Amino acid sequence: MRKVVLVTGASSGIGLALCKRLLAEDNELYLCLACRNTGKAEAVRATLLACYPSAEVTTVQVDISNLKSVFEAAKELKQRFQRLDYVYLNAGIMPNPQLNIKAFFSGLFSRKAIHMFSTAEGLLTQQDRVTADGLQEVFATNIFGHFILIRELEPLLCHSYNPSQLIWTSSRNARKSNFSLEDIQHRKGQEPYSSSKYATDLLNVALNKHFNQQGLYSSVICPGTVLTNLTYGILPPFLWTLLMPVIWLLRFFANSFTLTPYNGTEALIWLFHQKPESLNPLIKYLSATTGFGSNYVTVEKMDIDEDTAERFYQNLLELEKRVRVNTTQKSDHQS
Ligand SMILES: NC(=O)c1ccc[n+]([C@@H]2O[C@H](COP(=O)([O-])OP(=O)(O)OC[C@H]3O[C@@H](n4cnc5c(N)ncnc54)[C@H](OP(=O)(O)O)[C@@H]3O)[C@@H](O)[C@H]2O)c1
């Protein structure tokens with residue numbers, strides 16, 4: 001039977017490279033591209049089918065930051081599929097990133113320079129926005145919309161006799177110090193991206209606790225630093241090109257400069273082949289590249305305590321209840 005794989009954010013960067021690599025691994029896959037832009041999704045579908053004509057590739061329209069769109073996409077998916085074997089929760093944003101020049105120069109000459117460049121810790125701030133649902137956009141896109149999607153898709157995911165896998169694209173930039181249970185959407189801080197990725201890691205731990213017995217497993221990865229639309233928002237392409245000699249040198253000291261979307265998907269592809277029951281939920285899987293350009297997967301123990309993960313999960317369930325009421329009221333009002 002064909003394996004069914006859903007990928008969010010499949011229209012560019014890491015998501016697009018992932019789709020190509022998945023089909024190279026198994027050209028009989030049923031791949032569903034979950035994208036907000038239908039035109040881009042159809043173009044990707046045509047490209048993939050031209051290379052892998054025996055695959056099934058379809059699209060579903062979803063703006064993951066918009067709850068109505070998430071509910072509609074989930075409804076459509078439930079009509080189209082009996083089960084989903086893998087869901088790659090990959091769509092993500094880092095809006096209006098600003099480089100902290102002071103932190104950059106003080107870090108450059110410190111002992112933490114390699115760590116700082118590998119994780120962007122303390123280097124980046126972002127200006128977040130509020131969505132039509134009244135949520136912080138980074139939180140809504142990077143985590144909450146995905147959370148609602150998988151809650152809605154539970155009937156397709158929870159079959160204890162045949163496990164399904166959730167695979168989140170998190171980041172080495174996920175930092176405990178940027179996350180607070182009192183401000184899960186990071187309304188008050190300046191690093192919503194890091195907060196949302198730490199929240200993803202917490203959710204991953206809680207999902208495993210609540211769903212493993214029902215046959216649903218969750219894992220998180222970091223793709224490394226990859227040149228995509230997201231990183232071109234931090235520095236324009238020509239500056240990345242100018243920095244390339246330094247980055248190639250840094251690669252001999254830090255394995256996180258994967259640079260190409262293909263390399264960045266290494267951990268996502270590795271997880272595709274694993275038995276999810278054998279994975280440790282407290283581990284993050286990292287795509288890594290050597291100084292000579294070879295790819296491999298390495299691991300990092302996450303700085304997470306299970307009590308915080310559980311409390312965060314309960315907060316998400318509370319928020320879910322509220323948004324469900326609001327969304328129902330809005331659609332009653334419109335009809
Ligand atoms: N690049 C890196 O160095 C790096 C490092 C660590 C983690 N990551 C993570 O990797 C993931 C993929 O990012 P990328 O680097 O490949 O960047 P990218 O090229 O900008 O891709 C982001 C993808 O997410 C989609 N997306 C954004 N907002 C969406 C929304 N509201 N609804 C539906 N889809 C939406 C984009 O769709 P459109 O094409 O319509 O914009 C695009 O397909 C993200 O979760 C990011 O946080 C990236």
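Which residue's side chain does Arg21 meet in a salt bridge? The partner is Glu266, at 2.9 Å from N to O. By salt bridge I mean a side-chain nitrogen of Lys or Arg within 4 Å of a carboxyl oxygen of Asp or Glu. Arg21 sits in helix H1 (residues 13-25) and Glu266 in helix H12 (residues 266-272), so the pair ties together parts that are 245 residues apart in sequence. Helices here are DSSP runs of H or I with at least four residues, strands are E runs of at least two, and both are numbered from the N terminus.

Some ground rules. This is a predicted model, in which local features need pLDDT of at least 70 and side-chain atom pairs count only at pLDDT 80 or more, while totals for chains, interfaces and linings use all residues. Residues are numbered from 1 along each chain as its sequence is written, and side-chain values use heavy atoms, with hydrogens and water left out.

Back to the pair. Arg21 counts as buried because its relative accessibility is 10%, and Glu266 counts as buried at 17%. Buried means under 20% relative accessible area, exposed over 50%, and partly exposed in between, with a 1.4 Å probe and protein chains only.

The structure holds 17 salt bridges. Another one joins the side chains of Arg324 and Glu152, at 2.7 Å from N to O. Arg324 is in helix H13 (residues 306-334) and Glu152 in helix H6 (residues 137-152), so this pair ties together parts that are 172 residues apart in sequence. Arg324 is partly exposed at 29%, whereas Glu152 is buried at 14%. Both belong to a network of salt bridges that also links Lys78, Arg151, Glu154 and Glu320.

Then there is Asp303 with Lys176, where the closest N and O atoms are 3.6 Å apart. Asp303 lies in the loop between strand S10 (295-301) and H13, and Lys176 in the loop between strand S7 (164-169) and helix H8 (192-211), so the pair ties together parts that are 127 residues apart in sequence. Asp303 is partly exposed at 49%, and Lys176 is partly exposed at 40%.

Now the nonpolar side. A nonpolar core is a set of buried Ala, Val, Leu, Ile, Met, Phe, Trp, Tyr and Cys residues joined through side-chain atoms within 4.5 Å. The largest has 57 residues, and those with the most contacts inside it include Leu203 and Phe312. Leu203 touches Phe312, Trp168 and Ile143, among others, not counting residues up to four places away in sequence; contact means heavy atoms within 4.5 Å.
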